[in-house]
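Grab a pencil and have the structure open beside you. Try each exercise before you read its solution.

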Amino acid sequence: MIDKFVASTAEAVAGVRDGAQVMIGGFGTAGLPNELIDALLAQGAKELVIVNNNAGNGDSGLAALLAAGRVRKIICSFPRQADSWHFDQLYRSGKIELELVPQGNLAERIRAAGAGIGGFFTPTGYGTDLARGKETRLIDGRWMVLESPIHADLALIKAERGDRWGNLCYRMTARNFGPIMAMAAKLTVASVHEIVELGALDPEAVVTPGLFVQRVVKIPRAATGAGGFKTTT
Amino acid sequence: MTRWTKNQIAALVARDIHYGAVVNLGIGMPTLVANHLGAAKEVMLHSENGVIGVGPAPAPGAEDYDLINAGKQPVTLMPGGVFFHHADSFAMMRGGHLDICVLGAFQVAANGDLANWHTGEPGAIPAVGGAMDLAVGAKKTWVMMEHTTKAGAPKVVARCSYPLTGLGCVSRIYTDLAVLDITPAGVLLLEMADGADFAALQACTGVPLLR
């Protein structure tokens, strides 16, 4: 029987090596798999390269991983936020490397990795500091910049609901980077709030087919502090 | 010189958005435009984090932080609204499927160059987000900004001194003093704030204005 469910977040992130390139889903706190990041913090891997849209908020989750000195480099589009003090401090003291990527290039580079594309030409960033040194080409009258795929050893993503094959559905804008990061990593770990029987997900509504996912762990919704969801009752 | 308020500028932008348009409103001042679109003019609001059909802010207590906009503020979803992942969201921009994006800016040059992501100052932490993708992707890129800096320096300039976001991408500028079109012949004055004086406007603009 194919069964991708694991019993704990510790089991979900087992085997991550030092120096691993790790994608973390989420846009701000929506879709950020905080419990999986906490497990990675406990697991101990260091010298990590993190791919996330942001660079941590407040003191928990990704920010805690940064504060613990476990991240060598971060690839993101929008590091500076009102509550990104841990990143700011590390960056200013030269203790972390930043690869700043326009958000659409970040998304497409991740998608390209998952789709087996070796690179692509895009108009985004042409003539700006973020395209400096990159190959350019005039295509159909428009200047384009060559961008390369971003692969990962591990993707930590958050979904709403999943089955034992790893098929996933998401919740509203918490979807964001999850589906493409799942495609781009050798090992994709998804946290879900609800586990369902095989066949219970509407096949027309599955967003991430299970072949992109290797491990699924259930996180009770009530325990999801920074996952974006707040109950209204 | 009388200046338009931020809400008055937002109302002008909203006035010029056509019925049925797919629109992305940038973080900051452009967000105000949503309040002026009115129910009669149906438009589809796109947000980079994977949603079309963004509705107004939820009632206090009804916030759901899985449903946010690019500024990470809680929003609501209009009937017909849909969710999609990030690569699709930016394909919508880059692929030319958005009619209009409205962005804030540090500077806009007479040739439509846009600078809005980084001051380039030493020690400043750069953050670009979706600005570069939006600037070059939407069919029309409009800018909404103060006409001058706090120190009074023009923000409509001959050449941007700040790092560029996109080249030749801006087609229209809405400021607290004027509405300007970027044309092949130069920067064309479309309208001025009530009681504004052309000579005074020209004096705080970094390029000659056509009219």
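**Exercise 1. Find the buried residues of H2(B), and say what they pack against.**

Solution. Start with the residues themselves: B:His86, B:Ala87, B:Ser89, B:Phe90, B:Met92, B:Met93 and B:Arg94 are the buried ones in H2(B). Keep in mind as you go that this is a predicted model.

Next, count. Seven of the nine residues of this helix are buried, so H2(B) is largely enclosed by the rest of the structure.

Now look at the partners. From chain A, the buried residues of H2(B) pack against H5, strand S6 (120-122) and helix H6 (178-184). From chain B, they pack against strand S2 (44-47) and H3.

Last, step off the end of the helix. H2(B) is followed by B:Gly96, which has a positive phi, near 75 degrees.

**Exercise 2. Work out how H5(A) and H2(B) pack: at what angle, and with which residues?**

Solution. Begin with the geometry. Helix H5 (residues 103-115) of chain A packs with H2(B) at an angle of about 125 degrees, and their axes are 9 Å apart. Angles from 65 to 115 degrees count as roughly perpendicular and those over 145 as roughly antiparallel. That makes H5(A) oblique to H2(B). As for handedness, the crossing of these two helices is left-handed.

Then list the residues that meet. H5(A) brings A:Gln103, A:Gly104, A:Ala107, A:Glu108 and A:Arg111. H2(B) brings B:His86, B:Ala87, B:Phe90, B:Met93 and B:Arg94.

Look at the spacing in those lists with one general idea in hand. An α-helix has 3.6 residues a turn, so residues three or four places apart point the same way.

Finally, sort by class: the contact of H5(A) with H2(B) has four nonpolar, three polar and three charged residues.

**Exercise 3. Zoom out and describe the side of chain B that touches chain A.**

Solution. First the head count: 34 residues of chain B are in contact with 41 residues of chain A.

Which elements of chain B give two or more residues to that side? They are helix H2 (86-94) and helix H3 (131-137). The largest share, five residues, comes from H2(B).

**Exercise 4. Decide whether B:Asn49 and A:Asp83 are buried, exposed or partly exposed.**

Solution. Locate B:Asn49 first: it sits in the loop between S2 and strand S3 (51-55) of chain B. A residue is buried if 20 or more other C-beta atoms lie within 10 Å of its own. B:Asn49 has 31 C-beta neighbours inside 10 Å, so it counts as buried.

Who touches it? Setting aside neighbours within four places in sequence, B:Asn49 is in contact with A:Phe27, A:Thr173, A:Asn176, B:Ile68, B:Ala70 and B:Ser89.

Now do A:Asp83, in the loop between strand S4 (71-76) and helix H4 (85-92) of chain A. With 14 C-beta neighbours inside 10 Å, A:Asp83 counts as partly exposed. Not counting residues up to four places away in sequence, A:Asp83 touches A:Asn57 and A:Gly58.

**Exercise 5. Check the radius of gyration of each chain against the value for a compact globule.**

Solution. Take chain B. For its 211 residues, a compact globule would have a radius of gyration near 17 Å, and chain B has 17 Å, which agrees. Its C-alpha trace spans about 50 × 40 × 30 Å along the principal axes, and 46% of its residues are buried. The chain holds four helices and 13 strands.

Now chain A. Chain A comes to six helices and 14 strands.

**Exercise 6. Find the buried residues of helix H2 in chain A and their partners.**

Solution. In helix H2 (residues 34-43) of chain A, the buried residues are A:Asn34, A:Glu35, A:Leu36, A:Ile37, A:Ala39 and A:Leu40.

Their partners in chain A are helix H1 (9-12), strand S2 (21-24), helix H3 (62-67), strand S9 (152-158) and strand S12 (185-192).

Past the helix end, H2(A) is followed by A:Gly44, with a positive phi near 105 degrees.

Technical notes:
Residues are numbered from 1 along each chain as its sequence is written. Chains are lettered from A and ligands numbered from 1 in the order in which they are written. This is a predicted model: local features need pLDDT of at least 70, side-chain atom pairs count only at pLDDT 80 or more; totals for chains, interfaces and linings use all residues. Two residues are in contact if their C-beta atoms, placed from the backbone, lie within 7 Å. Axes are lines fitted to C-alpha atoms, for helices over the stretch in contact, and angles run from 0 to 180 degrees between N-to-C directions. Angles under 35 degrees count as roughly parallel, over 145 as roughly antiparallel, 65 to 115 as roughly perpendicular and the rest as oblique. A crossing is left-handed if the near helix is turned anticlockwise from the far one by less than a right angle, and right-handed if clockwise. Ala, Val, Leu, Ile, Met, Phe, Trp, Tyr, Cys and Pro count as nonpolar, Asp, Glu, Lys and Arg as charged, and the others, Gly among them, as polar. The radius of gyration is taken over C-alpha atoms; the globule rule is 2.2 Å times the number of residues to the power 0.38. A residue is buried if 20 or more other C-beta atoms lie within 10 Å of its own, exposed if 12 or fewer, and partly exposed in between; C-beta atoms are placed from the backbone.
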